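Reader: Could you put the model up so that we can go through it together?
Author: Gladly; here it is.

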Amino acid sequence: MPESPALYPKIAATDEGFLKVSDIHTLYYEQSGNLQGKPVIYLHGGPGGGVSAHDRRYFDPEVYRIILLDQRGAGKSTPTACLEDNNTWALVADIEKLREHLKIEKWVVFGGSWGSTLSLVYAQEHPDRVKALILRGIFMLRQSELKWFYEQGGASNIFPDAWDEYVKPIPENERDNFIAAYHKRLTGSDEEERIRCAKAWSTWECSTSKLYVDPAEIAKASEDIWALAFARIECHYFFNKGFFKTETHILDNVDKIRHIPATIVQGRYDVVCPATSAWELHKVWPEAKFEFMADAGHSAKELATTARLVKAADEYKTL
Ligand SMILES: CNCC(=O)c1nnc(C(C)(C)C)o1
């Protein structure tokens with residue numbers, strides 16, 4: 001697939017570090033662009049997806065102090081794929097620890113999919129620390145969203161071929177609750193079964209993330225280390241319902257962030273996080289800019305989505 005012309009050029013990280021945030025977890029972070037510039041933090045998806053050099057390119061490096069963070073157990077953070085003491089509220093606290101460590105007062109917060117979930121929850125907990133929100137592929141971890149994508153009868157109708165591969169590791173008598181069945185195996189003691197299930201789970205998600213699926217992105221789902229982190233951490237959060245007390249937590253707390261400049265970008269044909277969630281968020285948060293991308297699925301790498309995300313970041317340069 002062609003690369004989006006909207007992206008800023010490839011740049012290297014100019015500062016990298018590891019921040020110990022608990023007895024167990026140490027987080028990888030990096031900075032690039034203008035270290036005296038306007039801070040923006042990029043919150044990756046999954047959870048468990050980790051960051052990449054590509055993620056620096058949504059932001060003008062002349063203007064932005066670009067900060068990428070691998071959340072607990074993801075990417076270069078350690079211990080890899082660790083589920084202990086790994087939950088939504090710990091991640092929110094980690095983001096604050098990193099902000100203080102980097103001596104940042106306020107920052108733009110950018111996140112897609114699970115990254116949009118975490119961005120919203122972080123902003124609702126610390127609205128005074130958020131200059132603007134740039135959100136893509138809205139995911140609020142409600143049961144209807146999880147059921148749509150991870151259980152029979154939703155996305156399985158659009159990608160029946162990929163779905164047949166996703167169900168293979170799970171015996172027939174457990175296929176009424178795939179999240180529970182995968183959770184049992186992804187947290188079990190059988191290493192071979194853990195990896196086999198991690199690859200099947202990750203391949204399902206990577207195979208459905210774009211209108212025209214990029215074989216390179218599916219190949220990533222077959223890398224043991226990445227697949228184990230992505231699948232184990234995702235399934236752990238979903239099995240625990242996002243660690244929210246109520247499943248409408250984000251919608252119920254929108255009033256805490258309605259004053260914050262924000263842009264919501266949603267792929268019309270997003271099969272992973274269908275448009276319903278973004279639309280419901282938009283209806284309770286009319287102040288946020290909202291745009292459906294007519295020719296896009298879930299991934300931020302869809303050409304129209306990338307262009308709109310870069311445009312949003314450019315618009316917030318003046319804040
Ligand atoms: C509900 N989880 C989807 C998510 O947050 C996500 N992050 N990256 C991905 C792909 C690797 C599949 C693009 O999905």
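Reader: What should I know about the model before we start?
Author: This is a predicted model, in which local features need pLDDT of at least 70 and side-chain atom pairs count only at pLDDT 80 or more, while totals for chains, interfaces and linings use all residues. Residues are numbered from 1 along each chain as its sequence is written, and side-chain values use heavy atoms, with hydrogens and water left out.

Reader: Okay, how many helices and strands are there in the protein?
Author: The protein has 11 helices and 8 strands, where helices (H or I, at least four residues) and strands (E, at least two) are DSSP runs numbered from the N terminus. Its radius of gyration, taken over C-alpha atoms, is 18 Å, close to the 20 Å that the globule rule gives for 319 residues, so the protein is as compact as a globular protein of that length. That rule is 2.2 Å times the number of residues to the power 0.38.

Reader: And what share of the residues counts as buried?
Author: Of the 319 residues, 60% count as buried, meaning under 20% relative accessible area, with exposed being over 50% and partly exposed in between (1.4 Å probe, protein chains only).

Reader: Which residues does UniProt list for the domain?
Author: The unreviewed UniProt entry lists residues 38–301 as "domain: AB hydrolase-1"; such positions are given in the numbering used here, feature names are shortened, and annotations may be inferred rather than shown by experiment. Over residues 38–301 the chain is 39% helix and 14% strand.

Reader: Switching to pockets, what volume does the largest one have?
Author: The largest pocket has a volume of about 570 Å³, a volume being the space filled by probe spheres set on grid points that are joined across faces, edges and corners. On a 1 Å grid over the protein atoms alone, a pocket is an open set with protein on both sides within 12 Å along at least five of seven lines, a cavity is a set of points where a 1.4 Å probe fits but cannot get out, and lining residues have an atom within 4 Å of a point.

Reader: Which residues lie nearest its centre?
Author: Of the 26 residues lining the largest pocket, Gly 45, Arg 136, Glu 217, Lys 220 and Trp 226 lie nearest its centre. The elements that give two or more residues to this lining are α6 (191–207), α7 (215–220) and α8 (224–239).

Reader: What about the second largest pocket, which residues are nearest the centre there?
Author: The second largest pocket, with a volume of about 260 Å³, is lined by 14 residues, of which His 54, Lys 210, Asp 214, Glu 217 and Lys 301 lie nearest its centre. Helices α7 and α11 (303–315) each give two or more residues to that lining.

Reader: How many cavities of 30 Å³ or more are there?
Author: The structure holds 2 of them. The largest has a volume of about 50 Å³, with Gly 45 and Arg 136 among the residues that line it, and strand β5 (107–112) gives the largest share of its lining, 3 residues.

Reader: Back to α6, is Ala 198 buried or exposed?
Author: Ala 198, in helix α6, is buried, with a relative accessible area of 0%. Not counting residues up to four places away in sequence, Ala 198 touches Leu 186, Ala 227, Leu 228 and Ala 231, contact meaning heavy atoms within 4.5 Å.

Reader: And what does His 183 touch?
Author: His 183, in helix α5 (residues 178–186), touches Cys 235, His 236 and Phe 239, again leaving out residues up to four places away in sequence. At 14% relative accessibility, His 183 counts as buried.
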